[in-house]
Structures are given as structure tokens and as C-alpha cells.
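Reader: I have a structure open and would like to go through it with you. Could we take it residue by residue?

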Amino acid sequence: MIWIAVFPTLTVLNLTIGPWLSGTGPVLRTFVLATVAVPIVIYGLMPRLNRIRAHLLTRRAP
């Protein structure tokens with residue numbers, strides 16, 4: 001589930017914020033992307049994915 005949340009988030013951020021950060025070093029670029037991505041994943045995507053997972057695990061077979 002973490003991979004499902006992190007990879008698309010980082011891809012979208014790299015495509016949107018990446019051009020603005022092209023002149024920066026790799027450490028600063030990583031810091032900015034992580035600072036934006038972690039809250040999105042932790043507070044936005046993971047709760048939704050956990051609810052979906054719980055629903056899938058508790059549904060009964062027809």
C-alpha cells in the first residue's frame with residue numbers, strides 16, 4: 001500500500017514541481033519533494049487506502 005501511495009505522489013510532484021527545482025542540488029530537491037510528499041501520503045492517501053483495504057478484506061463472497 002505504501003508503494004501505491006508514494007510512487008504516484010512522487011511522480012506527480014516531480015512533473016509539477018520538478019521544473020522549478022531544476023537549478024537546485026539533489027539534497028535540496030529531495031528535501032522539498034519529501035516535505036511536500038510525506039503529508040500528502042500520510043494524511044491524505046494512506047487513510048483512504050486503509051479504508052479500501054479494510055472494505056476488501058471484510059466483504060463476503062457471494
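Reader: Is T9 buried or exposed?

Author: T9 is buried, as its relative accessible area is 9%; buried means under 20%, exposed over 50% and partly exposed in between, with a 1.4 Å probe and protein chains only. This is a predicted model, in which local features need pLDDT of at least 70 and side-chain atom pairs count only at pLDDT 80 or more, while totals for chains, interfaces and linings use all residues. Residues are numbered from 1 along each chain as its sequence is written, and side-chain values use heavy atoms, with hydrogens and water left out.

Reader: Which residues is T9 in contact with, leaving aside its neighbours within four places in sequence?

Author: They are A37, I40, V41 and L45, where contact means heavy atoms within 4.5 Å.

Reader: What does the side chain of T9 reach?

Author: The T9 side chain comes to 2.6 Å from the backbone oxygen of A5.

Reader: Changing topic, how many aromatic pairs does a search of the whole structure find?

Author: The search gives 1 aromatic pair. The ring centres of W3 and F7 are 5.4 Å apart with planes at 20°, so this pair is stacked. Rings of Phe, Tyr and Trp (its six-membered ring) pair if their centres lie within 6.5 Å; planes under 30 degrees apart count as stacked, over 60 as edge-to-face and the rest as tilted.

Reader: How accessible are W3 and F7?

Author: W3 is exposed, at 65% relative accessible area, whereas F7 is partly exposed at 47%.

Methods
Polar contact = N/O pair within 3.5 Å; in protein donor to acceptor, adjacent residues only side chain to side chain.
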